Amino acid sequence: MGLALGLLMVQAQTSQVAPFPENYAKNLVLYGMGDRSDGKSRNFYISPQAIEAIQKGLELPVGTVMAIETYSAKRAPGGGFEKDKSGFLLRDKPDHELHVMLKVAPQTALSKAWVFGAYDPSSRLPQAGVNPLKDCLFCHTEALGNDMMFSFKEFKQFALSGQVQRIDCPLPERQRCPPPSEH
Ligand code: HEC
């Protein structure tokens, strides 16, 4: 019931799209990096004010931007992907995919209100074939208990330690990785 209500209120917010975050690699802070079994390696960025808020025990503030950038790994000659000496994927080219979330003012005290966007980082144009109003929200509501943020636990760890976190997952694509992060 609580979740269904939350879902409705979240949906009421989705008339907008998150804009392209200009200069995101400079203006946002890298808090995590993650490899997946399909040879994708990602960088996770967030607004500096979100780090300050979490350090003070506050919620992610309205205006928080999160961006996730994807690279394809180098293919190994014998199959699979090339890895560095720590066992992490060796990155080849950036993918034409930048996923963005922007926290907007909630309409009620209960709603976790985010808008989404998907861009080609090289052209800064919306990613072809992606509808950010439909394609992102449903999956991210699984993380509703953590402000729609799957990597909340790792982000918090980063905010407390200053150490860029590993957000690796043995599953391909955007599948949610077990164990789900705790509240
Ligand atoms: C099928 C599920 C799924 C869909 C669809 C999906 N995501 Fe995610 N997203 C994830 C998971 C799981 C993570 C955690 C990082 C990881 O495992 O790579 C994540 C991470 C993120 C993050 C980093 C913050 C966080 O929540 O950890 C952003 C930003 C993001 N996604 C934006 C988007 C956007 C924009 C779309 C639509 C274009 C989208 N996502 C579609 C599952 C999904």
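Guide: The chain has six helices and seven strands, where helices (H or I, at least four residues) and strands (E, at least two) are DSSP runs numbered from the N terminus. This is a predicted model, in which local features need pLDDT of at least 70 and side-chain atom pairs count only at pLDDT 80 or more, while totals for chains, interfaces and linings use all residues. Residues are numbered from 1 along each chain as its sequence is written, and side-chain values use heavy atoms, with hydrogens and water left out.

At the ligand, the iron atom has His-140 as its only protein donor, through NE2 at 2.1 Å; donors are N, O and S atoms within 2.8 Å of the metal (3.2 Å for Na, K and Ca), and since water is not among the atoms, sites may look incomplete. His-140 belongs to helix 5, which covers residues 137–140, and a polar side-chain atom of His-140 also lies 2.9 Å from a nitrogen atom of the ligand, a polar contact being a pair of N or O atoms within 3.5 Å, with the further conditions that within protein one must be able to donate a hydrogen and the other to accept it, and that residues adjacent in sequence count only if both atoms are side-chain atoms.
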